[in-house]
Protein chains: 2
Amino acid sequence: MASPVYAEKAAFDRMARIVLKFGGTSVADVDRMRRAAAFIKREADAGHSVAVAVSAMAGETNRLVALCADAGPPDPALDVRNVEYDAVVASGEQVTSGLVALILQKLGYRARSWQGWQAPVRTDGAHGKARILDIPAEILGEAIDTGEIAVVAGFQGIAPGDRISTLGRGGSDTTAVALAAALGAERCDIYTDVDGVYTTDPRISKQARRLDKVSYEEMLEMASLGAKVLQTRSVELAMAHKVRVRVLSSFGDPGRASPGTVICDEDEIVEKQIVSAVTLSKDEAKISLMGVPDEPGRASMIFGLLADAGVNIDMIVQSPSRQSGANLSFTMADSELPRAVETLTLAKPKIGYDQMLTDHNIVKVSVVGVGMRSHTGVASTMFKALAEKAINIQNISTSEIKISVLIAAEYGELAVRALHQAYGLDRSAGAA
Amino acid sequence: MASPVYAEKAAFDRMARIVLKFGGTSVADVDRMRRAAAFIKREADAGHSVAVAVSAMAGETNRLVALCADAGPPDPALDVRNVEYDAVVASGEQVTSGLVALILQKLGYRARSWQGWQAPVRTDGAHGKARILDIPAEILGEAIDTGEIAVVAGFQGIAPGDRISTLGRGGSDTTAVALAAALGAERCDIYTDVDGVYTTDPRISKQARRLDKVSYEEMLEMASLGAKVLQTRSVELAMAHKVRVRVLSSFGDPGRASPGTVICDEDEIVEKQIVSAVTLSKDEAKISLMGVPDEPGRASMIFGLLADAGVNIDMIVQSPSRQSGANLSFTMADSELPRAVETLTLAKPKIGYDQMLTDHNIVKVSVVGVGMRSHTGVASTMFKALAEKAINIQNISTSEIKISVLIAAEYGELAVRALHQAYGLDRSAGAA
């Protein structure tokens, strides 16, 4: 009788195209690249056709961005600047791709680097945050089927006009998933500095457990809620193309297969947890407008102005003011607060509020799980667990598979640990 | 009555395509690039169509080569390694081209970077030391004629198979000259850390003077004799395509035009000096084979073996041995000595010499000048000047426009100063 683990292993072992991705910390220097090469070697030795997507060496992208900022600070009105940023910053992945190919050659494998324009990874013209349109990877695919290992520079592509484009931060995950889709790869293994997706951040709770499987939808929510394992766009792409993604560590022993966490279709997950994970997002800021005239269209005006300024609003609460009109509170990413404040200060006469208050000392704690769809009482468990720790909820938002609450920053870690226990996620079931 | 200086200025000022090149020290950091941009700006403001070739930031190529050597040491038998070296190392110029374009944009100019594969700079497949075959620069040319400044990544090109190639050390000079030829540019200005070509190295003699003009032939001899101002290949290319090259400093004031040194056709140089320059090459090593059997074909066997090992032999002297057979002495670049010694040690039984001696403590001092063609007594002046300082000549070689002597290293600087004076090159004529 085959165990599920055995069945999965068999599926992984048959000859197929596979894509591996190594992030910045996994290729931080030549020694780290040699470790990465040991993982690549294992897959090639198993007879797979292997393509690899690599990031820039850790710290390199920041160095290049700083050089660009010194040469010509970004200007949203000048897209030509973004084009040159892309040419400079894409050099980081170019270097890694060549070095990893050299290491594989030294190990006796046929290997070559592929830049974005060579693969080619065709993108739109939104330089600095380009979207992949298509990877016509016939030639690359034929090359790997002959046994040559393709080392593809992640994060970059070729835009209309044959200019170098980049996909924005974390874009190498997207390269890997898009490449896997284009190659019809059996799986896409994302090697990183953690050995999978956890029920919560292990630095916050020692009770955190690695998840064997997570659905695309859950991973999407978790990615946008501050779990930094995978970039949101890469998960969207994996979901759209049904690419089986596995997250695993490049810091382990290449000789021993690590199961990691498989991100896959919900249908594949037999035992659905009501709540799969608890996340904590510290990148939150709140604006409260006091005394907004209580007239139709006023909220629409405010959020229209903010949208035009490129500010993404997350949670919104409107409540009657004790004085006059209404109080309107809403949250956004910390980095977008200055732009929001500037926009609302300029528009004060037009909007007609009394006072604007801002708050950085807030965090968002969320519980995520596809099981919520078919279970009731998930929210009340959350509120009860937080109330028991005397944590005040400032704001609530929900989706079909998650509930988020806004609380004072100082209670963040405590709330995560309390919820992790309340939903039965603790490693030692029943323990405190 | 227009003075020659005025006539030249007028020729420079009319609207035309021009190419500027900035070497590693001239783009060592963003501040240095801003200085380079000031020179570019001056040409653009004068209404010229401007293309710029840039090197990697000083030190960057060495850093990238060291990373490659760590990842997979060079192996002459493995050309695939050179292909990946090229992908890695070419990233240095990619970064500079983007940054210089950003700086020009910030100054309010339209500018864009062009990588080797974009220009395109088509090369052969000799990765690591590729030769430029063709630059079909119609699109680039049209772009600069609209006033957009083209910032071309030097040193790199695109080889058959659409792989990134590099031209070998100093290749950015070659890029600039080839680009000037392809664009039909009126001139090619090479900005470097010296303000022109000197009668000798100013660090050796305070009497050294900047030359206003040097012929292609003289510059070629000087480049191969250790004057590091321009790379030999770029001078050959300039001569073949009659590209007017000017060497000038990027460390001066961009507001004041520096004349630099023009490298041009011999016919343009009205007052030909008998000797234009004195050079000193320290990169010399000598091998002496004692007691080589004095039979026909023996020298041909020795130099055939060395040629097969990739050793370039410079000066050769054969003299009868006091014991038996002949003594054969020859020189090569210092870096090639180990390979030569290894080759000759292995072949000792076949060649049948008694003893091999090596010598590093030698230098080559040369005098160069197109005037030699039509003047006699050049060599005797040289030998007399050296004899007066009691400097022993170990070896002599000549070409139509140069005489080189091999002497003990400790006399190198003294010999240069003596010859500089003997040929009337000293700044203060008649002074010691």
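This is a predicted model: local features need pLDDT of at least 70, side-chain atom pairs count only at pLDDT 80 or more; totals for chains, interfaces and linings use all residues.
Two residues are taken to be in contact if their C-beta atoms, placed from the backbone, lie within 7 Å.

The arrangement of the two copies was examined next. In general, two copies of a chain are related by a rotation about an axis and a shift along it. Here, chain B is superposed on chain A by a rotation of 180° with 0.0 Å of shift along its axis, at an RMSD of 0.1 Å. This is the relation of a two-fold axis. Among the residues of chain B, B:Ser91 comes closest to the rotation axis, its C-alpha lying at 2.6 Å.

Within the interface, one helix pair joins the two chains. The axes of helix α4 (residues 79-89) of chain A and α5(B) come within 8 Å and cross at roughly 160°. Angles over 145 degrees count as roughly antiparallel, and α4(A) and α5(B) are therefore roughly antiparallel to each other. The crossing of α4(A) past α5(B) is left-handed. From α4(A), the residues that make the contact are A:Val80, A:Arg81, A:Glu84, A:Ala87 and A:Val88. Their counterparts in α5(B) are B:Gln94, B:Val95, B:Ser97, B:Gly98, B:Leu99, B:Ala101, B:Leu102 and B:Gln105. By class, this contact of α4(A) with α5(B) comprises seven nonpolar, four polar and two charged residues.

Chain A was also considered by domain. Its domain assignment gives domain 1 (4-266) and domain 2 (272-427). The C-alpha centres of the two domains of chain A lie 32 Å apart. Contact between them involves 18 residues of domain 1 of chain A and 21 residues of domain 2 of chain A. On the side of domain 1 of chain A that touches domain 2 of chain A, β10 (213-215) and α8 (216-224) of chain A each supply at least two residues. The largest share of that side, four residues, comes from α8(A). The residues on this side of domain 1 of chain A divide into six nonpolar, six polar and six charged.

Helix α13 (residues 378-388) and helix α14 (residues 412-422) of chain A have axes that come within 9 Å and cross at roughly 130°. That angle makes α13(A) oblique to α14(A). The crossing of α13(A) past α14(A) is right-handed. A:Thr381, A:Met382, A:Ala385 and A:Leu386 of α13(A) meet A:Ala415, A:Ala418, A:Leu419 and A:Ala422 of α14(A). The contact of α13(A) with α14(A) has seven nonpolar residues, one polar residue and no charged residues.

Notes: Residues are numbered from 1 along each chain as its sequence is written. Chains are lettered from A and ligands numbered from 1 in the order in which they are written. Domain bounds come from an automatic or database domain assignment. Ala, Val, Leu, Ile, Met, Phe, Trp, Tyr, Cys and Pro count as nonpolar, Asp, Glu, Lys and Arg as charged, and the others, Gly among them, as polar. Copies are superposed by least squares on the C-alpha atoms of residues with pLDDT of at least 70 in both. Axes are lines fitted to C-alpha atoms, for helices over the stretch in contact, and angles run from 0 to 180 degrees between N-to-C directions. Angles under 35 degrees count as roughly parallel, over 145 as roughly antiparallel, 65 to 115 as roughly perpendicular and the rest as oblique. A crossing is left-handed if the near helix is turned anticlockwise from the far one by less than a right angle, and right-handed if clockwise.
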